[in-house]
Amino acid sequence: MATTAMGMAHKTRLSVVCVALVCSNFAFAGDWQFDPNITIDETYSDNVGLTTINEQSSLVTQAGLSLASTYKAQQAVFNFSSQSTYALYSHNHDLDKDYHTLASDLRLELWPNGIVAYAGVNVSNQSRNQSRNALADIVSGDTVQVETYNGGLEYNINNSAYTINSSLGFSQTNSEDNIGNRDSVIIKLNSTNGRGARHVFWEMQHNYQELTNDELKGEQSQSEAILGLITDYSLNPYFRYYNEENSGDINTSNRSLESNSYGLGVRWLISPRLRLDASYNEPIGNNLDVDGDEQKAYVNAAMQWQPSPRTKFSANISERFYGTSYGLDLTHRNRRLTNTLSYVEDIQTFTRNNFVANVVGFYFCPTGNLTAIEDCIIKDDTSIFPNNPNTPDNPGLQIVPIQNFTLAEDNVYSLNKTLSWTSTLSLPRTTISINTNQQNRENLESRIEDESSGASFNIKRNVSGRSSVSLDLSYTGSNLQIDTEFERTDHYRRYQLSYDRSINSELSISLKLSHLNRGSDNALLNYEEGRVSAKITKGF
């Protein structure tokens, strides 16, 4: 009953927010679009449980209702997209369940030239435990619903004297299994001098975030300020101050997660579109780094380059409490090709990315390379001792621990380094897209690292004015508990061929054929799955 009451409370709150977002847009006259449709998706899977043994086939029927709406006016922009799906599983109707997704945002100008109110709601179905199965979805059924609400105020000014971009907001995340829940208060302030500055230039950035999860609390603050003199030459001196602090009762290791320094530097205006900043910085106080060593003086450098209106590049190198830090951002586009490349390092907590290793059982298995769990005997009773030939004393058998990872509360700070690259080539009838990403996560309390990576290649060809075919190749990898006795690497490879056709402006069909292969260091977790699906969408 408690679970039901909690679910009803979440749905009630979600409904209230959605109604408020919808009703608020009637205050202004603007363009309104409303696009409802119904979908029927029939998917056949030859291994719906994604298991290595006892494979079970199933026909999964997904009946859904989708609503999409946009509203644009001079003072307001509103977007709404929602889908409710009921899934039926032919092999086991006890699994039948409804799923909901929602993405909605509102921006409302409260005062000319600056003050904007914003709000948003996002509801998604994510893999319940990515270490167990990173590609779980509605068909496989092992998902969890995650809701995120946010809202706040922005104050923005852009003139010839100065620019200000600031915001004060609140965010709340609730998950169905209560892992990763958090409430956040977020404050951001960015300010720079305008184009009309003649004697002084400045840059100021401040980000503050207070996060709570039940009775646990974390505070994150990061500030950087640069104040310099504008000279008649291409070299302009400046003063730099930097401060970073990650505190709260979640930092139980008593490691220093602070950086505080000041320094003098020079800005070199190499050309109107290229500049280089470099400063020498001294630590303030006696703060230690995350390894307990004394923080030392360092050089901070940053470069900004904009060779054309369609190309921007920025990079920086500095020193933080965990060591040398880097940043990179590149965007480039022309008539046919678009590229984005970024590298970001940030500190996170209260996420769904923390996994704890545990042994779930022991098996007696043949010695050598193990390829199938059916070759093993579960150690579940004393019948295997001591006269049974299937015992540890038999030289043909070995005891194999079956190890897995459990998703656990992420009540620690972690260092996350994320590299991503996206490239899209648009030809007259063909579009080619490449997406890659890699993330390294280091638990700053245990110092254990995890890595995840992904890559996808998509080519889409319009074979007529109403139909297209596409080929998708994707890879997902994870390496958990690196350099520990529990280290495990998983690889997911998916191949998918699709055909889409628009019968008319309100009716379309989509056919898909896919194959998924999972390879793991633990051979007992390997599996393969093939799917065939047909989807019909009817609009109104």
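The model is a predicted one. Of its 540 residues, 37% are buried. The exposed surface comes to about 29,200 Å², and 55% of that is down to carbon and sulfur atoms.

On to charges: side chains of opposite charge can pair when their charged atoms come close. The structure has 20 salt bridges. One of them joins Arg128 to Asp142, with 3.4 Å between the closest N and O atoms. Both residues sit in the loop between strand E5 (115–127) and strand E6 (143–158), so this pair ties together parts that are 14 residues apart in sequence. Arg128 is partly exposed at 26% relative accessibility, and Asp142 is partly exposed too, at 22%.

Another salt bridge pairs Arg518 with Asp490, whose closest N and O atoms are 3.2 Å apart. Here distant parts of the chain get linked: Arg518 belongs to strand E26 (residues 507–520) and Asp490 to strand E25 (residues 488–502), 28 residues apart. Both Arg518 and Asp490 are buried.

Glu442 and Arg447 make a further salt bridge, with the closest N and O atoms 2.6 Å apart. Glu442 has 11% relative accessibility, so it counts as buried, while Arg447 is partly exposed at 28%. Finally, salt bridges also link up into a network, made of Glu203, Arg267, Arg275 and Asp277.

Definitions and conventions: Residues numbered from 1 in each chain as written. Predicted model: local features only at pLDDT ≥ 70, side-chain atom pairs only at ≥ 80, totals over all residues. Heavy atoms only, no water. Buried < 20%, exposed > 50% of the residue type's maximum accessible area, 1.4 Å probe, protein only. Areas by Shrake-Rupley, 256 points an atom, 1.4 Å probe, with all protein chains shown as cover. Salt bridge = Lys/Arg side-chain N within 4 Å of Asp/Glu carboxyl O. Helix = DSSP H or I, 4+ residues; strand = E, 2+ residues; numbered from the N terminus.
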